[in-house]
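Hi,

Here is the structure I promised to pass on.

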Amino acid sequence: MRTGAGPQTMAALRNLAITALRLDGVTNIAAALRHHARDASRALHTYKIT
């Protein structure tokens with residue numbers, strides 16, 4: 001992840017996650033990232049997949 005296109009790809013994925021949280025109405029991004037990291041199904045709910 002430290003060479004090639006890895007860092008740019010990871011930054012794009014992180015920006016996507018932050019944007020999705022903001023669109024969902026989250027104001028504290030750090031707390032929301034920790035909250036979603038505890039359970040993978042929470043991210044699916046945020047993206048309205050389940």
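Let's start with the pairing between Lys48 and Asp24, whose side chains meet in a salt bridge at 3.8 Å, N to O. Bear in mind that this is a predicted model. The structure holds one salt bridge, and the pair links distant parts of the chain. Lys48 sits in the segment after H3, while Asp24 is in the loop between H1 and H2, 24 residues apart. As background, side chains of opposite charge can pair when their charged atoms come close.

How accessible are the two partners? Lys48 has a relative accessible area of 64%, so it counts as exposed. Asp24, with 41%, is partly exposed.

Lys48 has something else to show you in its backbone: a positive phi of about 55°, although Lys48 is not a glycine. That is worth a second look, because most residues other than glycine have a negative phi.

Asp24 also turns up among the neighbours of another residue, Thr46. Leaving aside residues up to four places away in sequence, Thr46 touches Ala20, Leu21, Asp24 and His36. You'll find Thr46 in helix H3, which covers residues 40-46. Is Thr46 buried or exposed? Its relative accessible area is 12%, and the cut-off for buried is under 20%, so Thr46 is buried. With one of those neighbours there is a polar contact: the side chain of Thr46 meets the side chain of His36 at 2.7 Å.

Two packed helices are described by the angle between their axes and the distance between the axes. What are those values for H1 and H2? Helix H1 (residues 6-23) and helix H2 (residues 29-37) pack at an angle of about 105°, and their axes are 11 Å apart. Angles of 65 to 115 degrees count as roughly perpendicular, so that is how H1 and H2 lie to each other.

Which residues make the contact? From H1 come Arg14, Ile18, Leu21 and Arg22, and these meet Ile29, Ala32, Leu33 and His36 of H2. By type, the residues of this contact divide into five nonpolar, one polar and two charged. Leu21 and His36, both part of the contact between H1 and H2, are also among the residues that Thr46 touches.

Cheers

Terms used. Residues are numbered from 1 along each chain as its sequence is written. This is a predicted model: local features need pLDDT of at least 70, side-chain atom pairs count only at pLDDT 80 or more; totals for chains, interfaces and linings use all residues. Side-chain values use heavy atoms; hydrogens and water are left out. Axes are lines fitted to C-alpha atoms, for helices over the stretch in contact, and angles run from 0 to 180 degrees between N-to-C directions. Helices (H or I, at least four residues) and strands (E, at least two) are DSSP runs, numbered from the N terminus. Angles under 35 degrees count as roughly parallel, over 145 as roughly antiparallel, 65 to 115 as roughly perpendicular and the rest as oblique. Contact means heavy atoms within 4.5 Å. Ala, Val, Leu, Ile, Met, Phe, Trp, Tyr, Cys and Pro count as nonpolar, Asp, Glu, Lys and Arg as charged, and the others, Gly among them, as polar. Buried means under 20% relative accessible area, exposed over 50%, partly exposed in between (1.4 Å probe, protein chains only). A polar contact is a pair of N or O atoms within 3.5 Å; within protein, one must be able to donate a hydrogen and the other to accept it, and residues adjacent in sequence count only if both atoms are side-chain atoms. A salt bridge is a side-chain nitrogen of Lys or Arg within 4 Å of a carboxyl oxygen of Asp or Glu.
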